[in-house]
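Please read them with the coordinates open.

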Amino acid sequence: MKEIKYIITDPLGIHARPAGMLVKEAGKCLCNVTLSVGGPAVDAKRIMGVMKLAAKQGMEITMTFDGPDEETAAANLEAFLKANL
């Protein structure tokens, strides 16, 4: 199991457009990807779960990867977060 943490820098947080992009990127992974913001984790491959987190600027998110390509998935999604959020 691999875990990364990231602090949201986007002034709007994770709103509809970046949430959709995040879900699309997570969907490319073979492993399970979960996302949490100091509470229960949601499936990062499901748009409604990601939107439900209501992550705002300055909040720390935790992504957990569990499965066959977890190392690659973690590296790819960490790069995605830095580039888009």
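In which strand is Ile61 found? Point 2 gives the answer.

1. Basis. This is a predicted model, in which local features need pLDDT of at least 70 and side-chain atom pairs count only at pLDDT 80 or more, while totals for chains, interfaces and linings use all residues. Residues are numbered from 1 along each chain as its sequence is written, and side-chain values use heavy atoms, with hydrogens and water left out.

2. Ile61. This residue is found in strand 4. Helices (H or I, at least four residues) and strands (E, at least two) are DSSP runs, numbered from the N terminus. Ile61 counts as buried because its relative accessibility is 0%; buried means under 20% relative accessible area, exposed over 50%, and partly exposed in between (1.4 Å probe, protein chains only). Ile61 and Ile7 are 54 residues apart along the chain, yet their C-alpha atoms are separated by 6.2 Å.

3. Strand 4. The strand covers residues 60-66 and is mostly covered, with 5 of its 7 residues buried. Strand 4 pairs in the antiparallel sense with strand 1 (residues 2-7) over 6 bridges, and also in the antiparallel sense with strand 2 (residues 32-36) over 5 bridges. Two strands are taken to pair if DSSP finds at least two bridges between them.

4. The 4 strands make an open sheet in the order 1-4-2-3, with antiparallel pairing. Its edge strands are strand 1 and strand 3 (42-43), each of which pairs on one side only. As background, strands of a sheet pair through backbone hydrogen bonds, either parallel or antiparallel.

5. Cysteines. How many disulfides does the structure hold? The count is 0, where a disulfide is a pair of cysteine sulfur atoms within 2.5 Å. Cys29 is in no disulfide, and its nearest cysteine sulfur, that of Cys31, is 4.9 Å away. Cys31 is likewise in no disulfide. Cys29 counts as buried because its relative accessibility is 10%; Cys31 counts as buried at 1%.

6. Nonpolar patch. Ile47, Met48 and Met51 make a nonpolar surface patch of about 290 Å². Patches are made of residues with over 30% relative accessible area and no salt bridge; like charges are joined within 9 Å, and nonpolar side chains (Val, Leu, Ile, Met, Phe, Trp, Tyr) within 5 Å. A salt bridge here is a side-chain nitrogen of Lys or Arg within 4 Å of a carboxyl oxygen of Asp or Glu. Areas come from the Shrake-Rupley method with a 1.4 Å probe, and for residues only the protein chains shown count as cover. Met48 is found in helix 2 (residues 47-52) and is exposed, with a relative accessible area of 65%.

7. Ala54. This residue is not a glycine, but has a positive phi of about 50 degrees. Ala54 lies in the loop between helix 2 and strand 4, and counts as partly exposed at 36% relative accessibility.

8. Annotation. UniProt lists residues 1-85 as "domain: HPr" in an unreviewed entry; its positions are given in the numbering used here, feature names are shortened, and annotations may be inferred rather than shown by experiment. In the model, residues 1-85 are 39% helix and 24% strand, and the end C-alpha atoms of the span lie 23 Å apart.
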